[in-house]
Amino acid sequence: MLVYALKRTFVAFLILIVVSGLTFSLSHLSTDPALTIGGENASDEDIEAIRILYGFDRPVYEQYFSWLGRALQGDFGESYHYKAPVVEMISGRIGTTMTLGVAAILFALIVSIPLGTVAAMRPNSLIDRFALLIAVLGQALPTFWFALMMIIVFGVWWRWLPISGNTTWAHFVMPTIALGYYATPALMRLTRAGMIEVLASDYIRTARAKGLSPTSILFKHALRNAIIPVVALAAVWFGFMLGGSIVIETIFNLKGIGWLSYDALLRSDLPVVQAIVLIFASFYVVLTLSADLLNAYLDPRISVR
Amino acid sequence: MTDASPSSQPSLRIAEEILEPSPMAKLRRRIFKNYSFLIGAFILVLIVSIALLAPVLEASGWIQDPYAQDLSKRLNNPFWHEKKFDADHILGTDKVGRDYLSRLVYGAQISLLIGFSTMIISGFIGTVLGVSAGYFGGRIDMVVNFIINTRLAMPVFLVAMAAVVAFGASLLVVIMVLGLFLWDRFAVVMRSITMQARDLDYVKAARALGCSTPYIIVREIFPNVLSSLTVVATVEMANAILLEAALSFLGFGVQAPTPSWGLMLNEGREYMFFSAWLLALPGGCLFLLVLAINLFGDGLRDVALERER
């Protein structure tokens, strides 16, 4: 188990290095950061001076390793545009994105688990078909368009909710729904499939034969087992949601790191983009690594393979 | 012997087999029983034919030039509004007076072109990686697995935006970037199916007969993965269409004046408070197209899975 855990952690670390190396070369090979820093009025000599000062005259791989060395010590450099440390810019905003991400995944679970459970209790009933319809429609609904339509209906026509900013909890309602509904179809289908399988199993029949109450069977025996893969999938979706937060935060003017990455890309602010790519990638890698290790702990056969 | 079931008598079993519908008839019956497949295919055929016939429709006067501006007719309302409606533009005009209906029709071309080209590129990369990992296993499998995991760890949307910034925004760049990113599902699915197919008896037989590896992969393995490949292709096509729309909406995709639905949503955004239809129409088209592809794909999976049983 220990060897397996070490091996997996090493691979995860290697993945992060490759991901950051790829983004680094992608952005540094094609744009000239010296022009961005110098601005429009800089003379050729200024640009040349900036190039030497920031080390852009060195080969890309050399620049990458010096960036990586500092990044490992928690120093992600300085924003070209705002001239502020990237770490400070991100730490001030990551709370907003995390709040949005956690709220969205909770929203998705709160909708999909009851709906999936009820659908599984009566397969092919009216309510099962209704749940399927919601899943099919939800999967095709473009997130950003759904967000815009909510703004028009609930923000402009009915004036129920604020449409921009992040000062109160009410500002998070529409972004949460817009980001969360997208995970709902997948989670609901998994809950339904898991529940149907569990409800047909021997130990549920035994529980019924013992004369336990249907509620106790459903919640204590069935749901508890069916829900494990759903929670694992939700963890993976949480990683995807960070990516989706770019569009949602931009639309609702929620100034988290999704919004920051959009802003930084508009300004070719490479250090900021670079750091956010690494943060998003780390989230994904850590979430999947923990899921793998948890699986290996629960099922020792995995680590022997 | 009290077994009364008629099939137990050999002569009757043969009679049943003769009377049974042919495999093609069975397939037809499954397709026509599958409403999801039928509805999806119907909408999809409709959208694809409108998109392909757009130049013909324009030439025969059904729709107008999607690029022709008329500043005297800016932001005309569509037909369900009484005020500021012009019978020449039944779905209204945009902020520079271009006919909204023809832009929507040509927008279908852009979405389908991006969805289809992306699917071909990513399908090729993913299939090559997945099939070779699944067939050869061992070191190759390990390397491919690492590539897949690295790709999965990359935040697609953010890296796609960065790539568009790096190479300049255009239709070709968007297609290339999405094509080079969206192969992960192809690779994962192809890998696991090839692994199962590798151990089938007739594949082992082909190997024992001394068939070459390329021959086995193309003639024995590939027909096995084909149905799953089609299903993944529909999923990825829908995915690519949604991603392009989101990229263009943020200004990191197809550039003006190309009539892309995502770009139309971007352009309509500043008028959303008074002319909500500017957003409702292109978004609705996007929704309908993705819904049709998903229904078609779901139906295809059911039809294909039932055959395998």
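Before the details, the ground rules. This is a predicted model, where local features need pLDDT of at least 70 and side-chain atom pairs count only at pLDDT 80 or more, while totals for chains, interfaces and linings use all residues. Residues are numbered from 1 along each chain as its sequence is written, chains are lettered from A and ligands numbered from 1 in the order in which they are written, and side-chain values use heavy atoms, without hydrogens and water.

Back to chain A. Helix α6 (residues 94-121) and helix α7 (residues 126-140) of chain A pack at about 140°, axes 8 Å apart. Helices here are DSSP runs (H or I, at least four residues), numbered from the N terminus. Axes are lines fitted to C-alpha atoms over the stretch in contact, and angles run from 0 to 180 degrees between N-to-C directions.

Which residues of α6(A) and α7(A) meet? From α6(A), A:L115, A:V118 and A:A119; from α7(A), A:I127, A:D128, A:A131 and A:I134. Contact means heavy atoms within 4.5 Å. By class, that is six nonpolar, no polar and one charged. Ala, Val, Leu, Ile, Met, Phe, Trp, Tyr, Cys and Pro count as nonpolar, Asp, Glu, Lys and Arg as charged, and the others, Gly among them, as polar.

Look at the loop between α6 and α7 of chain A. A:N124 sits there. Its phi is positive, about 65°, although A:N124 is not a glycine. Most residues other than glycine have a negative phi.

Now chain B. Helix α5 (residues 100-136) and helix α12 (residues 261-268) of chain B cross at roughly 135°, and their axes come within 8 Å. That makes this pair oblique too. The contact includes B:Y100 and B:R103 of α5(B), and B:W261 and B:E267 of α12(B). Its residues divide into five nonpolar, two polar and two charged.

Which peptide bond is cis? The one joining B:A256 and B:P257, with omega about 0°. B:P257 lies in the loop between α11 (213-250) and α12 of chain B.

Last, the interface. Here 38 residues of chain B are in contact with 43 of chain A. The two chains bury about 3600 Å², 84% of it on carbon and sulfur atoms. Buried area is the accessible area (1.4 Å probe) lost on being put together, summed over both parts. In chain B, B:F146, B:L158 and B:F287 lose the most area to chain A, together 17% of what that side buries.

Notes: Helices (H or I, at least four residues) and strands (E, at least two) are DSSP runs, numbered from the N terminus. Angles under 35 degrees count as roughly parallel, over 145 as roughly antiparallel, 65 to 115 as roughly perpendicular and the rest as oblique.
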